[in-house]
Amino acid sequence: MNILAILSITAGVASLLSLLALHFTSPEFNPGWRMVSENAMGKYKWILTLFFFMWGMSSLFLAIGLVQIVTGFWAYFAIILLAISGIGAICGGLFDVNHKLHGLAFALGVPPLPVAALILTYYLLNTNIITQKNALIIAHSTWISVIIMGLSMMLMFAGFKKAGVVWDKDSPPPTEVPKGAIALGGYANRLLVFCFIFWVIYIAYFINN
């Protein structure tokens, strides 16, 4: 039994459950177009903090566990990226959406993970540590989810702008979606979170067996 893999899985599941809990405790943040991070402005900021911390720890536990079973420059490079992503997720909890460093937390937490997922998944498959080919689908879903979120956000902001609604870093978020705007950015944001954490849980599960 790999204790680090177990800890990674446990933390990942706890993170997803925390995110689910926010949808019940803070229904005012419509998941269709409000970002997960915006829950920091609600009454249950501690649940959001727990979500980010558990997400980050899940990635860090997996990174430490993989150090013991991989070799080679690219594998270790990917582990470093995975660890950076984990640190970024933790920073997302330390620096909420109102903090000037929240953007840095995003930069650390999101871009490195898809690269790490692809490198490590191909490595683990080529070395027969993992034999399930659907691992590639899960790995590729990480970067696909980033693109989906980027496109959905551009579409959503374009719809708000066309309706004459200003929504930038210096203005409070609107209270409703204007007519004609396609607001799916929140769902895309949550899809990204799920794809990222599910990949970590999936890899941790297989290195534990």
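Contact here means that heavy atoms lie within 4.5 Å. With that in hand, welcome to this predicted model, where local features need pLDDT of at least 70, side-chain atom pairs count only at pLDDT 80 or more, and totals for chains, interfaces and linings use all residues. Residues are numbered from 1 along each chain as its sequence is written, and side-chain values use heavy atoms, with hydrogens and water left out.

**S85 and its surroundings**
- S85 sits in helix 3, which covers residues 73-94; helices are DSSP runs of H or I with at least four residues, numbered from the N terminus.
- Setting aside residues up to four places away in sequence, S85 touches L108, G109, P112 and L113.
- S85 has a relative accessibility of 1% and so counts as buried (under 20% relative accessible area, with exposed being over 50% and partly exposed in between, using a 1.4 Å probe and protein chains only).

**F53 and its surroundings**
- F53 belongs to helix 2, spanning residues 45-67.
- With 29% relative accessibility, F53 is classed as partly exposed.
- Beyond its neighbours within four places in sequence, F53 is in contact with I90, G93 and L94.
- From C-alpha to C-alpha, F53 and I64 are 16 Å apart in space, and they are 11 residues apart in sequence.

**Cysteines**
- A disulfide is a covalent bond between the sulfur atoms of two cysteines.
- Counting pairs of cysteine sulfur atoms within 2.5 Å, the model has 0 disulfides.
- C91 is buried, at a relative accessible area of 14%.
- C195 is buried too, at a relative accessible area of 9%.

Methods:
Helices (H or I, at least four residues) and strands (E, at least two) are DSSP runs, numbered from the N terminus.
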